[in-house]
Amino acid sequence: MMTKEEIDYTLESYKGNVTIATVCSHSALQIFHGARQEGFKTIGIVTQKRRELYESFKHAKPDIFIEVDDPSIIPEQELLEHNAILVPHGSIVAYNKDSLLDMHVPIMGNRKSLLWESSRESMFKWIEHAGLERPKILKPDEIDRPCIVKFSGARGGMGYQVVHSPAEFYEKFAVDGKVPEGLLIQEFLIGIRVYPHFFYSPITADGYRAHKGSVELIGFDRRVESNIDESYRCRSIGIDIKPSFTVIGNEPITVRESLLGEVFEMAKKIVVSADELFGGIPGPFSFETVCDENMQFYVFEISSRIVAGTNVYAKGSMYTMFNHGVPMSMGQRIAKEIKHAIKENRLKEIIF
Ligand code: AMP
Ligand code: AMP
């Protein structure tokens with residue numbers, strides 16, 4: 001595992017301008033576009049198959065492409081030669097999780113947080129430590145209500161199923177009478193899905209004070225999932241579908257202004273608990289909630305990096321306009337933070 005001292009040493013050894021790199025997937029277009037807006041050169045790690053797609057966006061394509069055969073390979077040497085800072089996103093967590101801790105390339109944010117979010121066990125420990133309301137977790141024989149059964153790792157909801165009883169659970173999931181490891185049985189929450197996106201800056205005191213700095217609300221989304229989100233169409237014509245939750249895209253949502261205080265308090269608790277558990281989460285983060293009819297939020301997921309839901313306002317969000325006077329994407333907000341940290345000589349506080 002790379003120590004913080006080694007990462008700091010790499011940063012110190014960078015001579016000349018820093019570049020911003022990411023893997024061409026997930027939210028890469030807004031990361032490149034935002035970095036360009038702040039004057040950075042960008043690097044896209046790309047497979048040959050994807051290159052044409054990313055080449056086609058004249059104003060959002062990276063300045064330099066580095067082709068790899070497999071997206072789980074990060075070309076560290078080349079990135080280091082370009083003074084690169086890697087901006088992690090959901091695909092990097094999904095495909096590169098095992099190599100993140102050992103990577104020599106400096107990563108925006110705290111790389112340890114990416115491991116905390118990628119294990120359901122540790123993520124739930126984090127949600128609990130933060131003191132947030134969350135759905136109940138049940139053992140197979142305790143299933144006494146509708147539950148969603150999830151596989152381990154970020155798979156974009158792929159393969160999740162709903163069960164109503166222990167018998168139904170065993171029928172759907174047991175293999176030769178045994179339950180496969182890594183399944184999570186969670187109470188199915190009823191209400192409106194609301195996924196807030198935040199930016200935590202330990203080096204900025206403006207805005208909503210949190211821990212060493214402040215948290216900024218950047219926006220909200222909710223996911224559009226196949227087939228659950230259009231299942232009413234099937235029901236209306238008499239087709240009884242089996243619900244599934246595979247993420248296909250995202251849509252914007254806003255919440256009542258009077259609920260914002262509560263949303264900020266949840267964000268603050270996530271920031272403080274991250275610091276206590278593993279040294280903090282500088283940079284973008286998000287959490288997934290369901291808000292019920294009593295306006296109670298339940299948190300069932302935390303992501304400690306940019307989420308693809310921020311793609312809904314890649315032109316700039318309403319709340320960044322309120323905070324910064326101009327609408328900004330999360331990609332630009334990340335680049336702005338790196339620029340500010342370089343200017344103040346505080347990069348080490350946001351790059352672990
Ligand atoms: P992909 O590179 O599209 O296969 O995505 C890798 C991972 O990122 C998926 O397993 C999802 O967890 C997540 N992801 C990708 N796109 C989205 C999206 N639009 N909304 C939410 N999560 C996403
Ligand atoms: P996740 O992989 O935890 O982000 O979940 C993927 C999707 O499954 C979410 O966007 C929700 O639509 C649904 N989902 C996950 N957990 C729950 C829950 N406890 N109650 C209701 N829906 C859920």
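Two strands pair if DSSP finds at least two bridges between them; helices (H or I, at least four residues) and strands (E, at least two) are DSSP runs, numbered from the N terminus.

I'm working on a predicted model, where local features need pLDDT of at least 70, side-chain atom pairs count only at pLDDT 80 or more, and totals for chains, interfaces and linings use all residues. Residues are numbered from 1 along each chain as its sequence is written, and side-chain values use heavy atoms, with hydrogens and water left out.

**Strand β1**

From β1 the chain goes through helix α2 (residues 28-37) to β2, a right-handed β-α-β crossover (clockwise from the first strand over the helix to the second, with the strands pointing away from the viewer). β4 (residues 84-86) also pairs with β1 in the parallel sense, over 3 bridges, and there I20 has I85 as its bridge partner.

I then checked burial (buried is under 20% relative accessible area, 1.4 Å probe, protein chains only). T19, A21 and V23 on one side of β1 are buried, and so are I20 and T22 on the other.

**Cores**

Next I took the nonpolar cores (buried Ala, Val, Leu, Ile, Met, Phe, Trp, Tyr and Cys residues joined through side-chain atoms within 4.5 Å). The largest has 35 residues, and F198, F220, F285 and F287 touch the most other members. Helix α10 (260-278) is among the elements giving two or more residues, and gives the most, 9. Another core, of 25 residues, lies apart from it and includes I85, F199, I218 and Y313.

Technical notes
Chains are lettered from A and ligands numbered from 1 in the order in which they are written. Buried means under 20% relative accessible area, exposed over 50%, partly exposed in between (1.4 Å probe, protein chains only).
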